[in-house]
Amino acid sequence: MTAATATREGKSALIGEVKGKFDKMSSAVFLDYKGMTVEQATVLRASFRKAGVEYKVVKNTLVRQALKEASFLKSLEKTLTGMTGIAWSYEDPSAAAKVVKSFKKDQGDAGDKLKIKAGLIDGTILDATAVEEQLATMPGKDELRAKLLATLQAPLQQFVALLNAPAQNFVYVLTAKEQEGQ
């Protein structure tokens with residue numbers, strides 16, 4: 001096996017891996033990390049891991065190869081230039097965007113070096129503004145579950161209150177009669 005063949009096989013494996021990440025993701029955020037220090041990148045990666053987001057720096061040509069069959073590839077052409085890091089969210093579509101927004105806020109001037117290039121959700125490309133203002137402010141999976149649970153519980157709580165009302169009113173009548181008799 002020659003070195004060129006080994007390299008080609010390695011690239012093919014990496015392209016397959018990146019394609020797999022795009023296939024199973026719920027959203028992706030494309031980032032420009034130019035100018036960040038190693039410490040800042042380490043903090044960012046740790047934040048992504050904690051939020052269940054996978055982050056990887058991938059060559060633009062490999063991303064193009066992985067997405068060559070995707071309908072949105074042409075819309076991503078401007079994004080796939082320069083240094084590109086990709087953050088994939090698998091369960092909560094807003095997780096990666098929230099981590100980036102939080103990182104930029106917490107790091108101050110250093111956070112300004114991290115730039116959002118674009119976002120991808122359900123085959124739709126979002127510009128940097130839409131990622132920060134819409135995707136990052138979407139309620140998370142846990143928030144949505146809590147709202148759904150509250151919505152489901154409200155009618156039951158009202159029903160129980162209605163069932164208890166006659167018995168409660170009967171007790172009030174008995175108490176009033178008892179006080180009237182004294």
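Tutor: A residue is called buried under 20% relative accessible area, exposed over 50%, and partly exposed in between (1.4 Å probe, protein chains only). By that rule Ser47 is partly exposed, because its relative accessible area is 26%. The model is predicted, so local features need pLDDT of at least 70 and side-chain atom pairs pLDDT 80 or more, while totals for chains, interfaces and linings use all residues. Residues are numbered from 1 along each chain as its sequence is written, and side-chain values use heavy atoms, without hydrogens and water.

The protein has 182 residues, of which 32% count as buried. Its secondary structure amounts to seven helices and five strands (DSSP runs numbered from the N terminus: H or I of at least four residues for helices, E of at least two for strands). Read from the N terminus, the order of elements is α-β-α-β-α-α-β-α-β-β-α-α. Ser47 sits in helix H2, which covers residues 38-50. Ser47 and Ala96 are 49 residues apart along the chain, and their C-alpha atoms are separated by 9.4 Å. Val160 belongs to helix H7, residues 141-181, and is partly exposed because its relative accessibility is 44%.

The aromatic side chains can be taken next. A pair of rings is described by two values, the distance of the centres and the angle of the planes. Rings of Phe, Tyr and Trp (its six-membered ring) pair with centres within 6.5 Å; under 30 degrees between planes is stacked, over 60 edge-to-face, the rest tilted. The structure holds three aromatic pairs. In one of them, Phe22 and Trp88, the ring centres are 5.5 Å apart and the planes stand at 80 degrees, so this pair is edge-to-face. Phe22 comes from helix H1 (residues 3-24) and Trp88 from strand S3, so the pair ties together parts that are 66 residues apart in sequence. Phe22 counts as buried because its relative accessibility is 6%. Trp88 is buried too, at 0% relative accessibility. Another aromatic pair, formed by Phe48 and Tyr55, is stacked, with 5.1 Å from centre to centre and 20 degrees between the planes. Phe48 and Tyr55 are both buried. Ring pairs also join Phe22 and Trp88 with Phe30 in a cluster.

The charged side chains follow. Side chains of opposite charge can pair when their charged atoms come close. A salt bridge here needs a side-chain nitrogen of Lys or Arg within 4 Å of a carboxyl oxygen of Asp or Glu. There are six salt bridges in the structure.

One of them joins Lys19 and Asp23, at 3.3 Å from N to O. These two residues are four apart in helix H1, so about one helical turn separates Lys19 from Asp23. Lys19 is partly exposed because its relative accessibility is 32%, while Asp23, at 56%, is exposed.

Glu77 and Arg64 form a further salt bridge, 3.1 Å from N to O. Glu77 is in the loop between helix H4 (73-76) and S3, and Arg64 is in helix H3 (residues 60-66), so the bridge ties together parts that are 13 residues apart in sequence. Glu77 is partly exposed at 33% relative accessibility, and Arg64 is partly exposed with a relative accessible area of 24%.

The salt bridge of Glu132 with Lys104 has its closest N and O atoms 3.9 Å apart. Here helix H6 (residues 128-135) supplies Glu132 and helix H5 supplies Lys104, so the parts tied together are 28 residues apart in sequence. Glu132 has a relative accessible area of 28% and is therefore partly exposed; Lys104, at 19% relative accessibility, counts as buried. Salt bridges with shared partners link Glu17, Lys21, Glu54 and Lys56 into one network.

Asp92 is placed in the loop between strand S3 (85-89) and helix H5 (95-107). Asp92 is buried and has no salt bridge; Lys98, its nearest side chain of opposite charge, is 5.0 Å away (Lys and Arg count as positive, Asp and Glu as negative; His and the chain ends are not counted).
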